[in-house]
Amino acid sequence: MWAPDIYEGSPTPVTAFLSIAPKISIFANISRVSIYGSYGATLQQIFFFCSIASMILGALAAMAQTKVKRLLAHSSIGHVGYIRTGFSCGTIEGIQSLLIGIFIYASMTIDAFAIVSALRQTRVKYIADLGALAKTNPISAITFSITMFSYAGIPPLAGFCSKFYLFFAALGCGAYFLAPVGVVTSVIGRWAAGRLPRVSQFGRPKAVLRAPDT
C-alpha cells in the first residue's frame with residue numbers, strides 16, 4: 001500500500017534502489033531457507049494466495065494510474081507476485097525460474113528508472129508528459145518503449161522469457177490455477193504498461209503556458 005506513495009515522493013535514484021534491492025535481498029534469503037529446509041502444504045497455499053493477490057492488485061491498480069512512477073510502482077507489485085510464483089513451487093525448477101525472474105526484473109527496472117532520471121530536466125511526472133518524446137528524444141523513446149514492452153511480457157523480449165519460465169515451473173509443481181491467473185494478469189498488465197510507449201511514440205506534446213503579451 002505504501003509503495004506507490006514512496007515511489008512518487010522519493011528521488012528517482014532512491015526509488016530505483018527501493019524497487020530492486022529489498023526484493024533481491026528478501027528472495028535470496030527465502031531461497032536459502034527453502035534450499036536447506038522445507039515447508040508444508042498449508043504454507044505453500046499461503047504463498048500461492050499472496051502471489052495471486054499481488055498479481056491481481058498490481059495489474060488492476062496500474063490501469064488507473066496517470067503518473068509514471070506510480071504506474072511503475074504497481075507494476076513492481078505485480079512482478080513480485082510473478083517472482084514469488086517460482087518460490088511458491090518449492091522445487092529446483094521454481095528456484096531457477098525465480099533467479100532468472102529477479103535478474104530480468106532488476107535489469108528492466110534499472111533501465112526504466114535510468115530513462116526517467118534522464119528526463120528530469122523535462123519535468124516528466126505524468127504519463128501525458130511523455131507526449132511526442134519520440135520527436136524530441138527518439139533514442140530515449142525507443143529504449144523506454146522496448147523496456148516497457150518487456151515489462152508487459154511481449155515476446156521475444158526478456159520479460160516474456162521470465163514469465164514463461166515462472167509459469168512453466170508453476171505448472172510443473174501442480175499449481176494449475178496459479179499459472180492461468182498469471183497469464184490473465186499479464187494480459188491486463190500489457191494494456192497498462194503499453195500506455196507509456198504509446199504516449200511517448202504517438203502522444204501530443206504537453207502544452208506550454210506563455211505569459212500574455214503586454
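## The main nonpolar core

The largest nonpolar core in this predicted model holds 35 residues, and those with the most contacts inside it are Val-68, Leu-130, Phe-144, Met-148 and Leu-196. A nonpolar core here is a set of buried Ala, Val, Leu, Ile, Met, Phe, Trp, Tyr and Cys residues joined through side-chain atoms within 4.5 Å; buried means under 20% relative accessible area, with a 1.4 Å probe and protein chains only. Two or more residues of this core come from each of α1 (3-9), α2 (12-36), α4, α5, α6 (133-136), α7 (138-152) and α9 (178-202). Helix α5 gives the largest share, 10 residues.

Let us look at Val-68. Leaving aside residues up to four places away in sequence, Val-68 touches Val-116, Val-124, Lys-125, Tyr-126, Ile-127, Leu-130 and Leu-196, where contact means heavy atoms within 4.5 Å. There is also a second, separate core of 13 residues, which includes Ile-52, Leu-166, Ala-170 and Ala-179.

## Helices α4 and α5

Two packed helices are described by the angle between their axes and the distance between the axes. The axes of α4 (residues 68-89) and α5 (residues 92-118) come within 8 Å and cross at roughly 170 degrees. The two helices are therefore roughly antiparallel to each other, a label for angles over 145 degrees. (Axes are lines fitted to C-alpha atoms over the stretch in contact, and angles run from 0 to 180 degrees between N-to-C directions.)

On the α4 side, the contact includes Leu-72, His-79 and Phe-87, while α5 brings residues including Leu-98, Tyr-105 and Phe-113. The contact residues divide into 12 nonpolar, 6 polar and no charged.

## The chain as a whole

Which secondary structure does the chain have? The chain has 9 helices and 0 strands, where helices are DSSP runs of H or I with at least four residues and strands are runs of E with at least two. Of its 214 residues, 49% count as buried. Among contacts with a separation of 6 or more, 78% join residues 24 or more positions apart.

## A cis peptide bond

The peptide bond from Pro-155 to Pro-156 is cis, with omega near 5 degrees. Pro-156 sits in the loop between α7 and α8 (158-172).

## Reading the model

Residues are numbered from 1 along each chain as its sequence is written, and side-chain values use heavy atoms, leaving out hydrogens and water. Because the model is predicted, local features need pLDDT of at least 70 and side-chain atom pairs count only at pLDDT 80 or more, while totals for chains, interfaces and linings use all residues.

Note on methods:
Buried < 20%, exposed > 50% of the residue type's maximum accessible area, 1.4 Å probe, protein only. Parallel < 35°, antiparallel > 145°, perpendicular 65-115°, else oblique. Nonpolar A, V, L, I, M, F, W, Y, C, P; charged D, E, K, R; others polar.
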